[in-house]
Amino acid sequence: MSQTTPTTTADEELILVLDFGGQTAQLIARRVREQHVFCQLVRHNLPASRIRELNPKGLILSGSPASVYGAGSPHPDPAIFDLDIPILGICYGMQVSCEHLGSQVSPGESREFGRTPCQVQQTSELFDGVAKDFAVWMSHGDQVQDLSDHFYSLAATETCPFAAVKHHTRQLFGLQFHPEVTHTEFGGKLLSNFVKNVCGCRGTWQISSFIEREVALIRERVGQNRVICGLSGGVDSSVVAALLYRAIGSQLSCIFVDNGMLRNGESDGVRERFSRHFKTDLHVVDARELFLNELKGVADPQQKRKIIGKVFIDVFRHEAKSIPDAKFLAQGTLYPDVIESGGAADGPAAAIKYHHNVGGLPSELGFELIEPLRDLFKDEVREMGGQLGLPDELIWRHPFPGPGLAVRCLGEVFEDRLRKLREADAIVIDELRKAGLYRTVQQAFAVLLPVQTVGVMGDDRTYQDVIAVRAVTTDDFMTADWFHMPYDVMERISTRITNSVRGVNRVVYDVSSKPPSTIEWE
């Protein structure tokens, strides 16, 4: 459904995260949901009157790259501090809360970035079960320098005497460090203490109840009409299709467009899953030649994306016209897509980036949108997939870019280059599975580089292509570390690729992290 407000009922618990622009704001919401408490991001200046309507159990104020004393810095509606709702300020969120109630915030004598030892000074419900000495993740230049009489200190570091504070009479807490990142010891415990000990949440939000509610909503909204679902072969669209099949069965039609930029066996896998397992009305469109013709001579990655997007819409529109009585179009839009595109009514207004799922299909297609996953994070979608009976190999598939192999084939895209990349990528995944490492890494793939190198094969001198292998570990895909792959696995990957992929004589391994690099190369 195209919900724009938190999808909670009167008896459910809600925590709101006021987003001041910090890069880990989404992560805060995910960590709260791990406590089985529903949580959504809203814009930092959401009026107190609207917050009262939403009736949250608590508010969390996120970090920000801004300084509270800077011109144009983001500030909340001051009335939120009088709502009698528990508040937890994190980093900038702590600073803006303390400043509002009389504290002084200014640049610290020593900035803190990274893991820092922290000592608990006062017991409180927030620090229940937390060690007296533990490591926290700091990322700040400013800090509270002159704490007002309204607050007292709960914890300190060597250079930050007010690493955690509490208001004397209100349920208002501040943490200068980031409990939402995994580098902070007891971070999950601190957030759990806030939502359960302080806010009184019971932790009743479950994916199973979400599925039941969405099934009922879909049935009510769709009636006897037909729904079209665009399948990509990935987790999100597959979960949408499985959810729709549970709700409306034979009223579902799925369209899968083979654009020629898919992984090995992708088209056959989709046919099997959604013809045999779910018995859906599946339309497989072979548009490989059309896409490749449009991509001839194009090397710029952004131009590739635009061409693929345009051709996809044209192909999808043509196929959709062949399906009678179709009134609705289902998409696998996720909550991060909605947030980053500015697509939520109460959410952060500024779009970080454009997502093709969020308003990306043209209005002249004439369908009403159904987006049943738009309130969920990726890990929740995987959990839903399991409860809907999807196989593990699909649920835990590594992410795959919308334009497919076109943006892992650096330079011009044509069939022989795609063939090399497809074969090399299949070897990478196969060897990771054989080594029991596929679930250890969160994303792994091959990249075909637009360079050739000299090699020797047998008695012949070669001048052939280079494959780069990329594998990363990450909790949230906002940051990622390169995977320290065992040498024997790396050796098997390299040997198999150079021995069996015609036209490739060299394999390199990407050892860059995000940041400064991105996970994908294009």
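Start by selecting strand β13, residues 326-330, together with β14: the two pair in the parallel sense over three bridges. Strands count as a pair if DSSP finds at least two bridges between them. The labels come from DSSP too: helices are runs of H or I with at least four residues, strands are runs of E with at least two, and both are numbered from the N terminus. Zoom in on Ala-330 and you'll find Ile-370 of β14 standing opposite.

Before you go on, a word about what's on your screen. This is a predicted model, where local features need pLDDT of at least 70 and side-chain atom pairs count only at pLDDT 80 or more, while totals for chains, interfaces and linings use all residues. Residues are numbered from 1 along each chain as its sequence is written, and side-chain values use heavy atoms, with hydrogens and water left out.

**The sheet**

Now widen your selection to the whole sheet. In what order do the five strands sit? They run β12-β11-β10-β13-β14, forming an open sheet with parallel pairing. Look at the edges: β12 (281-286) and β14 (368-370) each have a single partner strand, so one side of each has no neighbour in the sheet. Turn the view and you can follow the twist, which averages 30° from one strand to the next.

Touching, or contact, means heavy atoms within 4.5 Å. Angles here run from 0 to 180 degrees between N-to-C directions, and axes are lines fitted to C-alpha atoms, for helices over the stretch in contact.

Then show α6. You'll see this helix lying across β10, β11 (252-258) and β13, at about 160° to β10.

**Helix meets helix**

Which residues meet here, between α6 and α11? Show Val-235, Asp-236, Val-239, Leu-243 and Arg-246 on the α6 side, then Lys-378, Val-381, Arg-382, Met-384, Gly-385 and Gln-387 on the α11 side. Sorted by type, the residues of this contact are five nonpolar, two polar and four charged. (Nonpolar covers Ala, Val, Leu, Ile, Met, Phe, Trp, Tyr, Cys and Pro; charged covers Asp, Glu, Lys and Arg; the others, Gly among them, are polar.)

With α11, α5 packs at an angle of about 75°, the axes 10 Å apart, so α5 and α11 are roughly perpendicular to each other. From α5, pick Ile-207, Ser-208, Phe-210 and Ile-211; they meet Glu-380, Glu-383, Met-384 and Gln-387 of α11. This contact of α5 with α11 has four nonpolar, two polar and two charged residues.

Now jump to α13 (residues 415-434) and α14 (residues 487-500). The axes of these two come within 10 Å and cross at roughly 150°, so α13 and α14 are roughly antiparallel to each other. Their crossing is right-handed.

Most residues other than glycine have a negative phi, and most peptide bonds are trans. Select His-36, in the loop between α1 (25-33) and β2 (38-43): this residue isn't a glycine, yet has a positive phi of about 60°.

Then head for the segment after β18 (504-509), where you'll find Pro-515. A cis peptide bond joins Lys-514 and Pro-515, with omega about -15°. Another cis bond joins Pro-515 and Pro-516, with omega about 10°.

**Last stop: confidence**

Finally, colour by pLDDT, the predictor's confidence in each residue, from 0 to 100. The chain averages 88, and 91% of the residues score at least 70. Residues 1-6 fall below 50, and beyond near neighbours in sequence this stretch has 25 contacts in the model. Residues 350-360 are also below 50, with 24 such contacts.

How values were computed:
Angles under 35 degrees count as roughly parallel, over 145 as roughly antiparallel, 65 to 115 as roughly perpendicular and the rest as oblique. A crossing is left-handed if the near helix is turned anticlockwise from the far one by less than a right angle, and right-handed if clockwise.
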